[in-house]
Amino acid sequence: MKKNPHNIQIRTYYRKYRNLLCKLLKVAKKRYYTNKLNSANNNQKWQVINEILNKTTNNIPQKLVNADDNILTNNTDIAEEVVAFFTNIGPNLADNITNNGDHNKYLNRCQSKSFFFHSVSEHDVFTGINHLDSIKSVGYDLIHSKLVIQSSFIISAPLAHIINCSFIKGIFPDQLKIARITPVFKRGSSTYVGNNRPISILLVISKIFETIVGKQITNYLEKYEILQKFQYGFRKKHNTKLALADLVKDIVTNLDNGYITIGIFIDLKKHLIPLTIAY
């Protein structure tokens, strides 16, 4: 093309094979991402989608503006500002919430059966370890879940002893309460700390504790039917599809009976947003 820019035949061949190459690249790219999405779990699917959309995964703020309107660029200053903001946001919001009376009026019924943690066996811990996600990031101790899974035969017994001691004494080890916090920018001004969402990366041992405790609490809640049947989130055999199916069913039923259905949808773009409702 450069040597013969006015040669019509060469230009025609070039355009033909250029278009063919672009078409083949699009087909190959589509096939590649289709296979990647089909073989990915839920968390990996979002990573693939972000890759397709060319979204950067480095959302850590490079600078922040503090309450005194000073621009912070030092990593230590940014970290301290993030910690101060999210440490105090709960108490600050609680102070601004008006007490509307006795909370007991919102409780439909009391459960006469008390909940107690029961001791766990080596097998329980072994099962909990092997349900860990081997792809998750590591905590501040840099111990990866893959290493814990591979050594589960060895560490299950001592971990079961530690967990049982924690249940008996009612104490959770302080070192296991430490998490690695990463502020991830969501939307709005990137320099405002409140527009970031704190993501906590727990230690692998903490996650094992969480799995054991969560299983016992969930079994108790399900056994005595404490959770509402319309609690769709964070429950086995419940998801957004079931919530939508029940919503559509209610709308269709009301339309068949001659009623008008009105829906109120609240989009909480940020966590810890207080709502003031006046009656």
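How many cavities of 30 Å³ or more does the count give? I am working on a predicted model, and the count comes to one.

**Cavity.** I looked up the volume of the largest cavity and noted about 30 Å³. I then listed the lining: Leu 132, Asp 133, Lys 136, Ser 137, Ser 145, Val 204 and Lys 207. Sorted by class, this lining has three charged, two polar and two nonpolar residues. Val 204 and Lys 207 from that list fall within the range of helix 7, residues 204–223, so I went to that helix next, as helices are numbered from the N terminus.

**Helix 4 and helix 7.** Two packed helices are described by the angle between their axes and by the distance between the axes. For helix 4 (residues 122–129) and helix 7, I noted axes that come within 9 Å and cross at roughly 115°. I recorded the crossing as right-handed. On the helix 4 side, the residues in contact are Asp 124, Val 125, Gly 128 and Ile 129. They meet Ile 208, Thr 211 and Ile 212 of helix 7. By class, I wrote down four nonpolar residues, two polar and one charged for this contact.

**Aromatic pairs.** Searching the whole structure, I got 11 aromatic pairs. One of them joins Phe 115 and Tyr 220, with ring centres 5.2 Å apart and 65° between the planes. Where do its two residues sit in the chain? Phe 115 is in the loop between helix 3 (75–96) and helix 4, and Tyr 220 is in helix 7. The two are 105 residues apart, and I noted the pair as a link between distant parts of the chain.

Key:
Residues are numbered from 1 along each chain as its sequence is written. This is a predicted model: local features need pLDDT of at least 70, side-chain atom pairs count only at pLDDT 80 or more; totals for chains, interfaces and linings use all residues. Side-chain values use heavy atoms; hydrogens and water are left out. Axes are lines fitted to C-alpha atoms, for helices over the stretch in contact, and angles run from 0 to 180 degrees between N-to-C directions. Helices (H or I, at least four residues) and strands (E, at least two) are DSSP runs, numbered from the N terminus. A crossing is left-handed if the near helix is turned anticlockwise from the far one by less than a right angle, and right-handed if clockwise. Contact means heavy atoms within 4.5 Å. Ala, Val, Leu, Ile, Met, Phe, Trp, Tyr, Cys and Pro count as nonpolar, Asp, Glu, Lys and Arg as charged, and the others, Gly among them, as polar. On a 1 Å grid over the protein atoms alone, a cavity is a set of points where a 1.4 Å probe fits but cannot get out, and a pocket is an open set with protein on both sides within 12 Å along at least five of seven lines; lining residues have an atom within 4 Å of a point. Grid points are joined across faces, edges and corners, and a volume is the space filled by probe spheres set on the points. Rings of Phe, Tyr and Trp (its six-membered ring) pair if their centres lie within 6.5 Å; planes under 30 degrees apart count as stacked, over 60 as edge-to-face and the rest as tilted.
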